[in-house]
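Trainee: I've got a model open and I'd like to learn how to read it. Can you walk me through the features one at a time?

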Amino acid sequence: MSLVYFTVARKSYAGNLQYRWAHMANNVGSFVFGLLYISFWVALFRQPSAAETGLSELGYSAQVMRGYIAVAQVTLWVTFFASPGLLIGRLIRTGEISMELARPVDFFLYTIAKEAGRLYYGLVHRSLPMLLMFALTVGFPRPASVVCALGYAAAVLIGAYNTLCMNYLVGATGFWTKDITWAHRLLYSAAYSLAGTMIPVEIYPSALGRIAQYLPFAAQCYYPVEIYLGLRSLPYLLIGLAWGAALTVVCRKVTALGRRRLEVQGG
Amino acid sequence: MKEFLRAYCLLVATSLRSAMQYRFSFVATTVGSGLIGLVDFLMLAAVLLRFKAIDGWNVYEVALLYGTSAAALGLFRTLGSQIYEFDAYLVNGELDSLLVRPWDPLFLLLARKFDAGRIGQPMHALIVTVLAAVHLVRSGALSPLAAALIPLCIVNGTLVYAGISIATATVGFWTTRIDDLQTITIYAPSTAAEYPLSILPGWLRGLLHTILPVALTNYLPLLYLLGKGAPWYILPVCLAATGFYLVLVWRFWQYGLRKYNSTGS
């Protein structure tokens, strides 16, 4: 049975291959974004006031932030950039959803398997080329240790799973609202700021900085990068794991409710 | 041209009126997308406040950079949305139906859709700009006269983004798809323009002063307006450079249009 989901993921990977070259142009764009963020941090740490910010006590310096941004930009393509609402919104709008729900497979697993194939594509055709680009220009840091490298791999899997669940929920709002643009923008915006894509979340002022470390967004980028660089220890993986478990329950519940709610337009 | 402007104003009024048919949805979308933009900026501001400044620009000065760049890009995306989404015309062959009309397709594209739903983006950026300018005037870093010239920067910036966007669309005559290219030519430069360009490596800074001249929209004018060492004539030079850039882009567009092969389906 689980072979079905594996096949779905593989087919989805293969389907993405035709956009390879277009995505290479996009990789260059993402790489430039990485350079921008690196320049931003390097300039900040050049400030005379940098010593008083307390960031060096947290382990950050211009050099560390260089690595942070590079690792984050490479990681994002696997753990962050999923299709809006995993394309469920479109299925609902066109009515195709009824066929999809009628398939003899678990809809939740089927949908995230399809997207997992795309994220894997992201790993091979986005993350790896970008890793090369960074390594050949501004440099790409080595993992702090073998344990950190393994922890990073686990954190990436956990982050990707949380991303799949959150985007699944965005798509599932379509059962009630027909238009998921809103939910998508909201999630994307919250996640972009709170996942630590550009700013390590603990740097945010007071309460926000403390809370952000315990939100599911932190698993999407912040923890994988921090663990890779050896700034955080492995037990922090538990935060992402707990969220993954909780989100799974919510996703299943919402799917059941949505299935009952579904009204397909005739036509 | 006059005829075109009249037609365009009519179109804007119609789009706004049609958007207002769903008043709640329109207001909610506008306020919501504005808030999202605002939150993004506040996160950045939080870090800047901690460091006090970046390359000699304090958080209010960076807010002015951010506001003017985001307002200019947002205005262009609202006013000229179809140029931004030009590859749809190439992929579906819809451009052919524009080619048989008596105006240049570029004007037809501009007049095709006023994207009222996007108006929240320039709005939030304008609010940031105004708040930053008010603070800078009060603290004496910006003279009231200089503040009065900021709208001119935003208009100039809108034209610069129009130029970059049209040039990117023109590349589409050869490549068909432009959305990935836009990441490099529009997203990345507009993000770069939200910070002082002096923080960037030289080659990137050079690129943003010439081929993708976002420096003209805010960085260079503000160097003078905020008294950071640029002479007064940087303003007319920026305006003239924008004009020159638009002429070049226009010729590139005309050249690309002549090379256009329809999808033929």
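Trainee: Which residues have the most contacts inside the largest nonpolar core?

Mentor: First, the idea: a nonpolar core is a set of buried Ala, Val, Leu, Ile, Met, Phe, Trp, Tyr and Cys residues joined through C-beta atoms within 7 Å. Buried means that 20 or more other C-beta atoms lie within 10 Å of the residue's own; 12 or fewer is exposed, in between is partly exposed, and C-beta atoms are placed from the backbone. Here the largest nonpolar core has 157 residues, and those with the most contacts inside it are A:Ala195, B:Ile54, B:Val62 and B:Ala192. Helix H3 (residues 59-79) of chain B gives the most to this core, with 14 residues.

Trainee: Before we go on, what should I know about the model and its labels?

Mentor: It's a predicted model, so to speak of local features we need pLDDT of at least 70, side-chain atom pairs count only at pLDDT 80 or more, and totals for chains, interfaces and linings use all residues. Residues are numbered from 1 along each chain as its sequence is written, while chains are lettered from A and ligands numbered from 1 in the order in which they are written.

Trainee: How many residues does each chain put into the contact between A and B?

Mentor: Chain A puts in 25 residues and chain B 27. On the chain A side, helix H2 (20-46) and helix H9 (181-194) are the elements that give two or more residues, and H2(A) gives the most, with 14 residues. That side has 15 nonpolar, nine polar and one charged residues. For those classes, Ala, Val, Leu, Ile, Met, Phe, Trp, Tyr, Cys and Pro count as nonpolar, Asp, Glu, Lys and Arg as charged, and the others, Gly among them, as polar.

Trainee: How many helices and strands are there in chain A?

Mentor: Helices (H or I, at least four residues) and strands (E, at least two) are DSSP runs, numbered from the N terminus. Chain A has 13 helices and zero strands, while chain B has 14 helices and two strands.

Trainee: What is the radius of gyration of chain A, and what would a compact globule have?

Mentor: The radius is taken over C-alpha atoms, and the globule rule is 2.2 Å times the number of residues to the power 0.38. For the 267 residues of chain A, a compact globule would come out near 18 Å, and chain A has 19 Å, which agrees. Its C-alpha atoms fill a box of roughly 65 × 40 × 30 Å along the principal axes, and 46% of its residues are buried. In chain B, 43% of the 265 residues count as buried.

Trainee: Now a single helix. Which residues of H1(A) are buried?

Mentor: Begin with its length: the expected span of a helix is 1.5 Å times one less than its number of residues. H1(A) (residues 2-16) has 15 residues and reaches 22 Å from first C-alpha to last, close to the 21 Å expected. Its buried residues are A:Val8, A:Ala9 and A:Tyr13. Seen down the axis of H1(A), they fall within an arc of 135 degrees (from the directions between helix axis and C-beta atoms), so they line one face of the helix. On the other side, A:Leu3, A:Thr7 and A:Ala14 are exposed. Helix H6 (107-136) of chain A is included in what covers the buried residues.

Trainee: What do the buried residues of H2(B) pack against?

Mentor: They pack against H2 and H9 of chain A, together with strand S1 (53-54), H3 and helix H8 (120-138) of chain B. Those buried residues include B:Gly37, B:Val47 and B:Phe51. H2(B) (residues 23-51) has 29 residues and reaches 42 Å, close to the 42 Å expected. Just after H2(B), B:Lys52 takes a positive phi of about 75 degrees.

Trainee: Last one: is A:Gly171 buried or exposed?

Mentor: A:Gly171, found in helix H7 (residues 146-172) of chain A, has 27 C-beta neighbours inside 10 Å and counts as buried. By contrast, A:Glu57 is exposed, with 7 other C-beta atoms within 10 Å; A:Glu57 is found in the loop between H2 and helix H3 (62-79) of chain A.

Note on methods. Two residues are in contact if their C-beta atoms, placed from the backbone, lie within 7 Å.
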